There are 2 protein chains.
Amino acid sequence: MERKLSISGIYRLALYSRHLYSLNKRRDEYISSQELGDAIGHTATQVRKDLTCYGSIGEPGKGYKIEKLNAVLSSIFGRDKIKNVILVGVGNLGMALIAYKGFKLHQFRIIAAFDKDIRKIGRRIEDVLVYDIQDLKAVIDGMDAQIAILAVPPSSAQEVIDMLVSSGIKAILNFAPIKVNVPDNIKLQNVDMSIELDRLYYLLKNPF
Amino acid sequence: MERKLSISGIYRLALYSRHLYSLNKRRDEYISSQELGDAIGHTATQVRKDLTCYGSIGEPGKGYKIEKLNAVLSSIFGRDKIKNVILVGVGNLGMALIAYKGFKLHQFRIIAAFDKDIRKIGRRIEDVLVYDIQDLKAVIDGMDAQIAILAVPPSSAQEVIDMLVSSGIKAILNFAPIKVNVPDNIKLQNVDMSIELDRLYYLLKNPF
DNA sequence: TGGTGTGAACCGATTCACAGCA
DNA sequence: TGCTGTGAATCGGTTCACACCA
């Protein structure tokens, strides 16, 4: 049980886990690092390096026992339990996120939404109730939610982040295209969709 | 005009560009690598290294002339012109993307949307007309669009990608959580929102 | 003095090469 | 023979240290 997994290693681990999920019903008992690598677009060596972080799961000459590997990865990503998530910002993006099937598929469940717009508060979107952002702390107090998705305009992002942190949220997925600050002990992941377009445009204009 | 910019370097360059935008009206004529670095969360050295890729823009003892640096970065990211983008998949996410202000802000404009659902075809969402995906090639033939945003379910992602490629699209921003294959000359950028949650969950459970 | 530009050193991640086990 | 596990080599990106310029 080493502790030597790069940031992109986590990414790959999640991809391995998903791939195993997708071939759940397959008859083969084993999968090789080569096949797993091909499936997600990485080298066999890379796969083996990543996987040895969690002990010697593979068997020389045979490969990785699918059931066993699946169990290990599922445990790492908590696939066996439902993970509660809250959403702040019920605009277009927020609503799309509530409806997004991908979260449910991986056992993430949005259990509450928050907004500051009176017209939205009290509404129910796909079973998710929208609360007043002012009641954030009170509402999530009894809920076991450590992760928040932030889909508010850039102008109020930092303010809401501070509220989340003081309400006990431990990890934030931020969609606001702005640099926000969080204390060291809070995990932050930014998704900036328009900057991805910038990158594509750059690659388009600067071929190499 | 070196050609030595890492993949994350492009990212940072876009951030520099945005920061300059945000202080457009500032009186200072110059900005130092230190200040620019602080603003986006990187070191001054990193900023200087990144910027020298595009020639000696800075002035020793003074810093970078904002106007000049802004012009260089704006040119790199085509901030001066409107860039046409098409969207495929008008579900919840697709609609949210059409409404997303961030794209407009950076001069990306969605000029056409496509879906295979009869009920959606012909509708107009925020000025964007939804076409039949079957008509993809014919519709975009006269349009100057090289970038596509893909927001379809995983099951049809690869099929649509192939259509996009054969219709002349050169870069794709893919929101479908699945590994898709494109020819070498096509630029691809994946955004997988649920895998970001996986990562956050991992960081939460494996503090280091 | 204050700040850029840049070769050299460093460091972390990936790849190579191969020992060892079924 | 086939495939894992892993030290060693390599690669690329970041940081350091400093020459140089206003």
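**View 1. Protein residues around DNA strand C.** In this predicted model, 23 residues surround DNA strand C, the closest being R12(A), S33(B), R48(B), K49(B) and Y64(B); a residue counts as near the strand if one of its heavy atoms lies within 4 Å of it. By class, this surface has 4 nonpolar, 12 polar and 7 charged residues, where Ala, Val, Leu, Ile, Met, Phe, Trp, Tyr, Cys and Pro count as nonpolar, Asp, Glu, Lys and Arg as charged, and the others, Gly among them, as polar. α1 and α3 (44–52) of chain A, and α3 (44–52), β2 (58–59) and β3 (63–65) of chain B, each supply at least two residues; the largest share, 4 residues, comes from α3(A). Helices (H or I, at least four residues) and strands (E, at least two) are DSSP runs numbered from the N terminus.

View 2. Of the DNA atoms within 4 Å of the protein, 57% belong to sugar or phosphate and the rest to bases. An N or O atom in the side chain of K49(A) is 3.2 Å from a base oxygen, and one in the side chain of R48(B) is 2.9 Å from a base nitrogen. At the phosphate, a backbone N or O atom of G58(B) lies 3.1 Å from an oxygen.

**View 3. The interface of chain A and chain B.** Here 60 residues of chain A are in contact (heavy atoms within 4.5 Å) with 60 residues of chain B. The two chains bury about 5,700 Å² between them, 69% of it on carbon and sulfur atoms; buried area is the accessible area (1.4 Å probe) lost on putting two parts together, summed over both. In chain A, R199(A), Y201(A) and Y202(A) lose the most area to chain B, together 13% of what that side buries.

**View 4. A salt bridge between the chains.** The interface holds 6 salt bridges, each a side-chain nitrogen of Lys or Arg within 4 Å of a carboxyl oxygen of Asp or Glu. One of them joins R18(A) to D192(B), with the closest N and O atoms 3.0 Å apart.

**Notes.** Residues are numbered from 1 along each chain as its sequence is written, and chains are lettered from A and ligands numbered from 1 in the order in which they are written. Local features need pLDDT of at least 70, side-chain atom pairs count only at pLDDT 80 or more, and totals for chains, interfaces and linings use all residues; side-chain values use heavy atoms, with hydrogens and water left out.

Terms used. A polar contact is a pair of N or O atoms within 3.5 Å; within protein, one must be able to donate a hydrogen and the other to accept it, and residues adjacent in sequence count only if both atoms are side-chain atoms.
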